[in-house]
Amino acid sequence: MKPPPFTYHDPRTIPEVLDLLAAKDNARLLSGGQSLMPMLNMRYVLPDDVIDLNRVEGLSGIAAANGSLEIAGMTRQRDIEFSDVVSARCPIMTEAILQVGHRQTRNRGTLGGSLAHLDPSAELPAVAMALDATIHVESKRGKRDIAMADFPAGYMTPSIELDEMVTGATFPLWEDGHGYAFIEFARRHGDFAIVSAGALMTTDGTGKVNRISITVSGVGPSPLRCTEAEEMILDQTPELELFREAAETARAFDALEDIHAPSSYRQHLAAVLSRRALEKAQTRLGGSNG
Amino acid sequence: MADRRRVSVTINGDTYEREVETRLLLSDFIRHECELTGTHVGCEHGVCGACTILLDGITARSCLMLAVQADGHELLTIEGIAPNEEELHPLQQAFMDNHGLQCGYCTPGMLTTLLEFLRDNPNPTEKEVRVAISGNLCRCTGYQGIVDAALDAAGRLRGEAEA
């Protein structure tokens with residue numbers, strides 16, 4: 001349970017990081033360390049080089065502008081949790097982040113680390129999927145943006161190249177008074193969720209749903225948008241029976257199976273939790289948050 | 001050739017300068033290099049919370065940091081909580097009085113975690129205390145005494161009369 005030998009680098013600027021990433025072909029970026037360090041300790045990963053981002057300038061911060069929330073990669077989960085602008089404008093993120101690990105891990109863990117690690121049940125990638133976020137990546141070859149829908153390439157694998165790093169993400173904000181909810185089921189508080197569900201909705205003047213987003217995670221290898229359920233609810237009056245019917249479609253996803261839960265149980269949770277998230281989001285419509 | 005660095009870390013007000021392998025965990029640096037063995041090591045992968053320390057005033061799991069990452073930073077470990085050699089911190093006294101210690105293995109992590117928690121939330125509910133220590137495992141399953149101690153300590157730290 002000790003990390004394997006590696007060469008440690010602690011660059012101070014983004015260009016230095018990108019130079020190292022381009023030069024080293026078996027390197028790992030160390031951000032908050034709440035996933036990489038356990039993997040090193042258990043020797044699931046054996047990098048020749050570890051590039052520590054903790055002393056790099058200009059990689060953290062939260063800003064709201066042009067209807068979006070811009071969060072830099074090394075922003076700690078703690079800073080997102082305690083951010084007034086996040087809780088006021090993007091309350092689903094605050095609700096989700098309170099379910100990420102524990103105080104001690106949120107104090108260190110980062111947005112960029114969570115996105116790049118892409119654990120199937122991680123909350124921040126689920127929020128990114130729910131909000132149609134854009135992920136910013138950078139390498140010596142230049143910068144590019146990746147839509148969250150295209151970001152996962154497979155199980156715990158983002159669609160970025162070995163010389164690229166995640167520098168941040170843009171989360172489009174929903175209008176004031178939108179309904180939102182992020183709920184999850186875990187055996188113990190702070191454990192990895194077995195399944196989680198996020199829902200966002202707005203209604204028009206006649207009370208019909210004019211915008212809806214439903215996401216489940218812990219079901220597939222990466223967070224899944226429940227597009228069929230979204231289509232069933234769009235332009236309809238939100239009500240319990242409709243939510244129940246729509247949420248049932250989440251049961252049809254191919255689901256992961258591991259020692260924590262069989263796929264049938266994850267499918268069951270996907271349906272139950274997405275219904276509960278919809279109900280909770282509806283109760284919050286027109287609230288002061290949003 | 002092992003990759004080595006010289007690091008300087010302030011722990012409980014004392015500065016420790018050592019040359020260490022860069023892969024050395026902060027928890028092992030604290031215990032083996034600085035001989036401060038009050039910080040316990042349980043799972044070594046960030047689950048049990050026994051190795052919790054305060055890094056520049058906020059908690060972190062020292063098994064999920066490298067010693068080199070603490071270079072130039074200030075740590076507080078269990079040894080630095082009491083005000084002096086004779087007196088216990090009110091949190092420590094509350095653990096004694098409420099049977100919050102059983103085998104003692106999780107205790108350093110419980111105390112460092114609660115020190116931060118009670119600083120940020122001086123008047124918590126029982127549920128908030130239980131959430132606060134959810135990242136600290138007690139395998140004696142002695143949470144009741146720990147929760148009682150935390151609530152008692154909160155009262156003492158607010159300056160209320162002892163129960």
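Reader: How do you know that strand β6 of chain A and β7(A) pair, and in which sense?

Author: Happy to start there, with the reminder that this is a predicted model. Two strands pair if at least two bridges are found between them. Strand β6(A), residues 134-139, and β7(A) have six bridges, in the antiparallel sense, so they pair by that cut-off. One position to look at is S139(A), which stands opposite G142(A) in β7(A).

Reader: What makes β4 and β7 of chain A edge strands?

Author: They belong to an open sheet of five strands, ordered β4-β5-β10-β6-β7 in chain A, with antiparallel pairing. Both β4 (62-65) and β7 (142-147) pair on one side only. On average, neighbouring strands of this sheet are turned by 20° against each other, direction ignored.

Reader: Which helix lies across β6 and β10 of chain A?

Author: That is helix α1(A), residues 14-23. Its angle to β6(A) is about 70°, and β10 covers residues 165-172.

Reader: Why is A128(A) called buried?

Author: The cut-off is 20 or more other C-beta atoms within 10 Å. A128(A) has 27 within that distance, so it is buried. This residue is found in helix α8(A), residues 123-130. Leaving out residues up to four places away in sequence, A128(A) touches L115(A), A133(A), M148(A), A169(A) and F171(A).

Reader: Which residues have the most contacts inside the largest nonpolar core?

Author: A128(A) is one of them, together with V127(A), A199(A), A67(B) and L114(B), in a core of 130 residues. Helix α11(A), residues 263-283, gives the largest share of this core, with seven residues. As for V127(A), its contacts beyond four places in sequence are I92(A), M93(A), A96(A), F182(A) and G198(A). As a general remark, nonpolar side chains tend to be buried together in soluble globular proteins.

Reader: What makes helix α3 of chain B largely enclosed by the rest of the structure?

Author: Eleven of its 14 residues are buried, and therefore α3(B) is largely enclosed. Among the buried ones are M110(B), L111(B), L114(B), L115(B), F117(B) and L118(B). What covers the buried residues includes α6 (103-106) of chain A, as well as β3 (52-55), β4, α2 (90-97), α4 and α5 (143-157) of chain B.

Reader: How does the span of α3(B) compare with what is expected at 1.5 Å a residue?

Author: Helix α3(B), residues 107-120, reaches 20 Å from its first C-alpha to its last, close to the expected 20 Å. The expected value is 1.5 Å times one less than the number of residues.

Reader: How many residues of chain B are in contact with chain A?

Author: There are 24 of them, and they are in contact with 26 residues of chain A. On the side of chain B that touches chain A, β4 (58-61) and α4 (126-132) of chain B are the elements giving two or more residues. β4(B) gives the most, with four. By class, that side has ten nonpolar, ten polar and four charged residues.

Reader: And in chain B, what do β1(B) and β2(B) form?

Author: They form a hairpin with two residues between them, and N12(B) in the turn has a positive phi of about 55°. The two strands, residues 4-11 and 14-21, pair in the antiparallel sense over eight bridges. Against the cut-off of at least two, these strands therefore pair.

Note on methods:
Residues are numbered from 1 along each chain as its sequence is written. Chains are lettered from A and ligands numbered from 1 in the order in which they are written. This is a predicted model: local features need pLDDT of at least 70, side-chain atom pairs count only at pLDDT 80 or more; totals for chains, interfaces and linings use all residues. Two residues are in contact if their C-beta atoms, placed from the backbone, lie within 7 Å. Ala, Val, Leu, Ile, Met, Phe, Trp, Tyr, Cys and Pro count as nonpolar, Asp, Glu, Lys and Arg as charged, and the others, Gly among them, as polar. A residue is buried if 20 or more other C-beta atoms lie within 10 Å of its own, exposed if 12 or fewer, and partly exposed in between; C-beta atoms are placed from the backbone. A nonpolar core is a set of buried Ala, Val, Leu, Ile, Met, Phe, Trp, Tyr and Cys residues joined through C-beta atoms within 7 Å. Axes are lines fitted to C-alpha atoms, for helices over the stretch in contact, and angles run from 0 to 180 degrees between N-to-C directions.
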